[in-house]
Amino acid sequence: MKKISVLIAVITCLFTLSGCVADYASVDDEKFAKTFKIKAPNTSQIYIYRPKHYFGSWMKKRVWVDGKFAADLTNETFFVAVVKPGQHIVSTRSEFGNNHITFKTKPGRNYYVKQNIKYGVFAPGSGIRLMSYKVAMKDILNLDLVEGFEDDEKDIDKKDFHDLKKELYSKKQ
């Protein structure tokens with residue numbers, strides 16, 4: 001019976017820890033990202049980052065840019081999305097649905113979105129907000145860059161995203 005309990009504990013730990021592993025980018029990509037230079041002409045960059053936080057640090061929290069899967073952020077990581085200038089929606093998974101922010105980008109500029117973990121009823125949730133470049137750049141220098149992947153299976157449903165855009169943009173007017 002004791003062996004079974006130990007085996008169950010080990011398996012539980014492995015499943016729990018497997019959710020913590022991030023897909024880290026190369027050292028060169030991270031160094032370039034931390035220069036905060038624009039990667040491509042006539043584009044904007046959105047830095048989405050998750051600073052160190054003890055509560056919920058073991059959890060991956062998914063982020064989307066314009067309904068497209070961007071990355072799964074873990075504690076002390078960031079991601080850079082290169083986008084066309086214009087209106088954008090950044091979303092994050094939370095306890096009872098997703099949280100969103102919308103903002104307009106200009107060419108040749110960086111924007112900074114902080115993902116924070118917050119207490120939830122059943123599991124940690126997450127929120128997002130735009131940050132000033134002074135605060136964000138200082139935070140990001142201490143974080144690890146993760147790779148983003150295009151994965152249609154992880155995108156927000158197209159109809160749901162269309163409805164979300166309509167709702168968010170109508171609130172701005």
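This is a predicted model: local features need pLDDT of at least 70, side-chain atom pairs count only at pLDDT 80 or more; totals for chains, interfaces and linings use all residues.
Two or more lining residues come from each of helix H2 (27-33), S1 and S4. Strand S4 gives the largest share of the lining, with four residues. Sorted by class, the lining of this pocket holds 10 nonpolar residues, four charged residues and two polar residues.

The protein has 173 residues, of which 40% count as buried. Its secondary structure consists of four helices and nine strands. Read from the N terminus, the order of elements is α-α-β-β-β-β-β-β-β-β-α-β-α. Of the contacts between residues at least 6 apart in sequence, 69% join residues at least 24 apart.

Strands S8, S7, S1, S4 and S9 form, in that order, an open sheet of five strands with mixed pairing. The edges of the sheet are taken by strand S8 (125-131) and strand S9 (144-145); each has a single partner strand, so one side of each lacks a neighbour in the sheet. The partner strand S4 pairs with S9 in the parallel sense, over two bridges. Phe78 has Leu145 of S9 as its bridge partner.

Within this order, S1 stands between S7 and S4. The pairing of S1 with S4 is antiparallel and spans seven bridges; Tyr47 has Val80 of S4 as its bridge partner. With S7, S1 runs parallel, and five bridges join the two strands. Here Tyr49 is placed opposite Lys114 of S7.

Burial of S1 is complete by residue count: seven of its seven residues are buried, so the strand is largely enclosed by the rest of the structure. The cover extends to both faces of the strand, with Ser44, Ile46, Ile48 and Arg50 buried on one side and Gln45, Tyr47 and Tyr49 buried on the other.

The largest nonpolar core contains 17 residues, and the members that touch the most others are Ile46, Ile48, Val65, Phe79, Val90, Phe103 and Val113. At least two residues of this core are supplied by each of strand S1 (44-50), strand S2 (61-65), strand S3 (68-73), strand S4 (77-83), strand S6 (97-105) and strand S7 (110-118). A separate core of 13 residues lies apart from the largest one and includes Ala33, Tyr49, Phe78 and Tyr112.

When residues up to four places away in sequence are left out, Val90 touches Ile46, Ile48, Trp64, Val65, Asn99, His100, Ile101, Phe103, Val113 and Ile128.

Strands S2 and S3 pair in the antiparallel sense over five bridges, and Arg62 has Asp72 of S3 as its bridge partner. The two strands form a hairpin with two residues between them, where Asp66 adopts a positive phi near 55 degrees. Five of the six residues of S3 are buried, which leaves the strand mostly covered.

Most residues other than glycine have a negative phi. Asn42, a residue other than glycine, has a positive phi near 60 degrees. Asn42 belongs to the loop between H2 and S1 and is exposed, its relative accessible area being 65%. For Glu76, also a residue other than glycine, phi is likewise positive and near 60 degrees. Glu76 belongs to the loop between S3 and S4, and its relative accessibility of 29% places it as partly exposed.

Notes
Residues are numbered from 1 along each chain as its sequence is written. Side-chain values use heavy atoms; hydrogens and water are left out. A nonpolar core is a set of buried Ala, Val, Leu, Ile, Met, Phe, Trp, Tyr and Cys residues joined through side-chain atoms within 4.5 Å. Buried means under 20% relative accessible area, exposed over 50%, partly exposed in between (1.4 Å probe, protein chains only). Contact means heavy atoms within 4.5 Å. Ala, Val, Leu, Ile, Met, Phe, Trp, Tyr, Cys and Pro count as nonpolar, Asp, Glu, Lys and Arg as charged, and the others, Gly among them, as polar. Two strands pair if DSSP finds at least two bridges between them.
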